[in-house]
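Here's a quick briefing to read alongside the sequence and the model. Have both open as you go through the points.

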Amino acid sequence: MCEKNKIEDKQLLIISALAALSFAVMGVVVGLMSGSIVILFDGGYSLIGLLLTMLSLAASGYMRGSSRSQFAFGKAIIEPIVVAIKGAVILMLLGFSLSSALNVFLSGGREIDMSFVAVFGFVNLFGCLAVWWFLVKQNEPKRSGLFIAEIKLWKMDAVVSGAVCAGLIVGLILTYTPWYAYAVYADSVMMLLIGAYFIKVPLMMLIGAFRELLMMKPSKEICSLVHESVSEANGSSPQELMLTGIAKVGPELMVNINVNPKKSHQLLPDLHKVRLILNNKLARLSLDVKLNLDIVTEAK
């Protein structure tokens, strides 16, 4: 990733942090005033989102610095570590909120001022949608994994806010029907439904981050393009190429290839040609390709 994109990422993350701060303060205050678990969760999610955005900013700035003295192979691994921390923290918040909602539901529900909470819910919904839309419009292939994770967090926040608004409307309607007694369960049921549905988001963030940290096989799209690129290079070179490893770690794609030289006097020009072919083909992935060509000679 070029320096310009890294600076733009940092500026966008700062905007995201300021927006998260405003929604966090409003959500926590309204949640405590109304006694609504789901609104408190929404505010808590924004507050944690703020802390995680600050973590992303710190990681983004640290990754731009010089690394050779302490990190001989670069700092790409920091990105999946930060994403894993984000996923774990959101998962813990969801677990705590689900536990609280279940306790309230089993204890007979809780009465809240639906009209007051509904007003905040709609303000929060439109605010989250605006930030998410803004970040999506700024997204492009060269953005970092930290920025992509930030978009996912705001998308989740917007959908959670939408679900909150829908549940509040249902609860408000119930208060004017013969089933008004069930309105006290609206808040806890909303939280249970939201938590059960969106628990997949932090789980997928964790799984994806750990796959990168363990250098496991990347996505089918990446693997397919790498295999296609190696096949094309094989057909254009007299040397025998064998793909031995693919791994994606943060913004980097590591590709290991064994080269069995058939014509040693043409080896260096052929290797240069192979590198050009592979780098040109893999450029569409918008990753920093780390290509390692190992020359393997047969023992006599």
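Helix H4 gives the nonpolar patch its largest share, three residues. Keep in mind that this is a predicted model, where local features need pLDDT of at least 70, side-chain atom pairs count only at pLDDT 80 or more, and totals for chains, interfaces and linings use all residues. Residues are numbered from 1 along each chain as its sequence is written, and side-chain values use heavy atoms, with hydrogens and water left out.

**The nonpolar patch**

- The surface patch is made up of Phe122, Phe126, Leu129, Ile169 and Ile173, and together they have about 450 Å² of accessible area.
- To join such a patch, a residue needs over 30% relative accessible area and no salt bridge; nonpolar side chains (Val, Leu, Ile, Met, Phe, Trp, Tyr) are joined within 5 Å, and like charges within 9 Å.
- Areas come from the Shrake-Rupley method with a 1.4 Å probe, and for residues only the protein chains shown count as cover.
- Phenylalanine 126 sits in helix H4 and counts as exposed because its relative accessibility is 55% (exposed is over 50%, buried under 20%, partly exposed in between, with a 1.4 Å probe and protein chains only).

**Salt bridges**

- The count is three salt bridges, each a side-chain nitrogen of Lys or Arg within 4 Å of a carboxyl oxygen of Asp or Glu.
- Lysine 248 pairs with glutamate 212, with the closest N and O atoms 2.8 Å apart. That links distant parts of the chain, 36 residues apart: lysine 248 is in strand E1 (residues 240–249) and glutamate 212 in helix H7.
- Lysine 248 is buried at 18% relative accessible area, and glutamate 212 is buried at 17%.
- Glu228, Glu232 and Lys281 are linked in a salt-bridge network.
- Lysine 281 bridges to glutamate 228 at 2.7 Å between the closest N and O atoms. Lysine 281 is in helix H9 (residues 267–282) and glutamate 228 in helix H8 (residues 220–235), so the pair ties together parts 53 residues apart in sequence.
- Glutamate 232 also meets lysine 281, at 3.4 Å, N to O; this pair joins helix H8 to helix H9 across 49 residues.
- Lysine 281 is buried at 12%, while glutamate 228 is partly exposed at 39% and glutamate 232 is partly exposed at 38%.

**Confidence**

- Mean pLDDT (the predictor's confidence in each residue, from 0 to 100) is 77 for the chain, and 85% of its residues reach 70 or more.

Terms used. Helix = DSSP H or I, 4+ residues; strand = E, 2+ residues; numbered from the N terminus.
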